[in-house]
Amino acid sequence: MRKIDTLIHARWVVPVEGLERLLENHAVAIHHGLIEAVLPADEARSTFEADEVIELGSHVLLPGLINTHTHAAMNLMRGIANDMPLMPWLTEHIWPIEGEFMSPEFVADGTDLAMAEMLRCGTTCFNDMYFFPDVVAERVEAAGMRASVGMIVIDFPTVWAANADEYLEKGLALRDAWRGHERITTVFAPHAPYTVSDEPLAKIRTYADEMDLRVHMHVHETTFEVNDAEQKNGQRPLARLKDMGLLTPNFLAVHMTQLSDEEIETCATHGVHVLHSPESNLKLASGLCPAQKLIDAGINVALGTDGAASNNDLDMIGEMRTAAFIGKVAADDAAAVSADTVLRMATLNGAEALGIAEATGSITPGKAADLCAIDLDAIETQPMFDPVAAVVYNASREQVTDTWVAGQRLLADRRLTTLDEAAIRARASEWQTKLAAKDKDSQ
C-alpha cells in the first residue's frame, strides 16, 4: 500500500474538470499538499495507507471556491452605509473613514476577519484590491490561504502612497518579495478608469506585458461612470482601455454591467476575463452583468463578492445562487447560467482568470488539494436529487464543515485551525466603535 498524508472519503465528489460531472462514493488522496488520486472508495482503501482518514458520508466535496474580486479589509466597514448608490456611498462614507483610519493594523485586522469568513464558506483563494497589500500578503501567509494580492494604483494620495509612481514602486517591491511563493501571487490593481489617469495606466500596460502579470480593474460598473467618461473624454472607458492596449488575456474586468454587443465582441476578441459580482451590483443598483451573453461569446466569466462593505458578506455559495438567478433574468431564459455553469464560475473559471488553473480550481490529480466539504444531510437540502443543484440553489454556507488549502485543513468541523476566532471578534468590536463614531460625525 502507498503511504500518503490524507484520504478523504465523500458521498459525492464534484471534480468540475474532466469527463465525470459527479462521482459517488469516491475518495480523494492527498500527499505533500497535492491531489494524488481521485478513485472509488473501496479502491482507495486497498491502495493507500493514510496518516489521516476523514469520512464524509453525507457530504459533497468540491474544489475550493475562488473569490476573484474583493477588498478583504473592508470587512471592518460591513454595514457602515447602506441603501445608497456607489458614488455617494464612496465619497460620503467609505473614503472619509479610510482617510482617517487606514493603517497596517486596520488592514491586518480586516483581512483576518475576511479570511475567517471566507474559510467558513468554503473559499480557499481570493483576489484582493486594497491598501497595504504587503500586510495582506503577510496575513494570507500566516493563515495558510491562497491569494492573488493586488498592487493597487490610484491617482490621489493615501497613507499607502503619495502618487501613482509610488504606488507602482511599492507594488513592484511587493511582487519581488513574494515572487515564486506557492500560494501567493500578485496582480496590478489600478482602481478604475475614473481614478487612474493615462500615464500610470501606460506604465502598468508595459510592466504587465513584460512580466506577464494580470491587471485587475473596476470597469463599466455604473451608468454614471460610463456617461461621465463619455462627457469628459469623448469615449467610453472600455474604448479608452482598448486604445491603450490594456485589453488582453491578462485583463480582469470587474462588474461590467454596462455593455453593448460591440463591447462584448471586443472583450471576446481580446481575451478579456470578466469578474462578476452580482450581489454588490444589486445592492448598489449598479446594473446587471449580461453573464450568459458573455459566456456565449466565449468570454471567461468568474465570480467575486466585492467587499463586505457593499455586499454585505463574502459568501460565495450565496453569490453562486444570486449569479444564477439574475443571470436567468438578464438573459430572459430559465436555462441560462445553469447550476453547473455557476459552480465552474466559482472554481475553475476563477483559477483561469487569475492565471493559476494549473495549480487549483478543480479536483484533479497533480493540482493542489484546495477543497471544501458541504454537508447535504441538512433538512434544507433534503430530499437529494442533484448535489450540484443543491449546492447552488438551496445549500447555505453554514453547511460547509471543512476547508483545505494545499492539503492543510484550515476549517475542521466548522472550527478555524489557523485563525483565532475570539481574537478576531474582539478586534472587530473595537473597530466598530471607532468607525461608527467617525461615520456619525461625517453625516
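Predicted model: local features only at pLDDT ≥ 70, side-chain atom pairs only at ≥ 80, totals over all residues.

**The whole chain**

You will find 16 helices and 16 strands. The radius of gyration is 21 Å, close to the 22 Å that the globule rule gives for 443 residues, so the protein is as compact as a globular protein of that length. Turn the model along its principal axes: the C-alpha trace spans about 65 × 45 × 45 Å.

Next, colour the residues by accessibility. Buried residues account for 59% of the 443 residues. If you display contacts with a separation of 6 or more, 72% of them are made by residues 24 or more positions apart.

Now select the charged side chains. There are 35 positive and 67 negative ones, and the centres of these two sets lie 2 Å apart.

**The annotated domain**

Select residues 60-409. An unreviewed UniProt entry annotates this range as "domain: Amidohydrolase-related". Over this range the chain is 43% helix and 17% strand.

Select the loop between β12 (301-303) and α12 (316-331), where N312 is found. A cis peptide bond joins N311 and N312, with omega at about 20 degrees. Remain in the loop between β12 and α12, for D306 lies there as well. D306 is not a glycine, yet its phi is positive, at about 70 degrees.

Is D306 buried or exposed? Its relative accessible area is 5%, and a residue under 20% counts as buried, so D306 is buried.

Move to the loop between β13 (371-375) and α15 (387-393), which holds P383. The peptide bond from Q382 to P383 is cis, with omega near -5 degrees.

Finally, select D413, in the loop between β15 (408-412) and β16 (415-416). D413 is a residue other than glycine with a positive phi, near 50 degrees. Its relative accessibility is 58%, so D413 counts as exposed.

Key. Residues numbered from 1 in each chain as written. Heavy atoms only, no water. UniProt positions renumbered as here; feature names shortened; annotations may be inferred. Helix = DSSP H or I, 4+ residues; strand = E, 2+ residues; numbered from the N terminus. Rg over C-alpha atoms; globule rule 2.2 N^0.38 Å. Buried < 20%, exposed > 50% of the residue type's maximum accessible area, 1.4 Å probe, protein only. Contact = heavy atoms within 4.5 Å. Lys, Arg positive; Asp, Glu negative; His and termini not counted. Charge placed at Lys NZ, Arg CZ, Asp CG, Glu CD.
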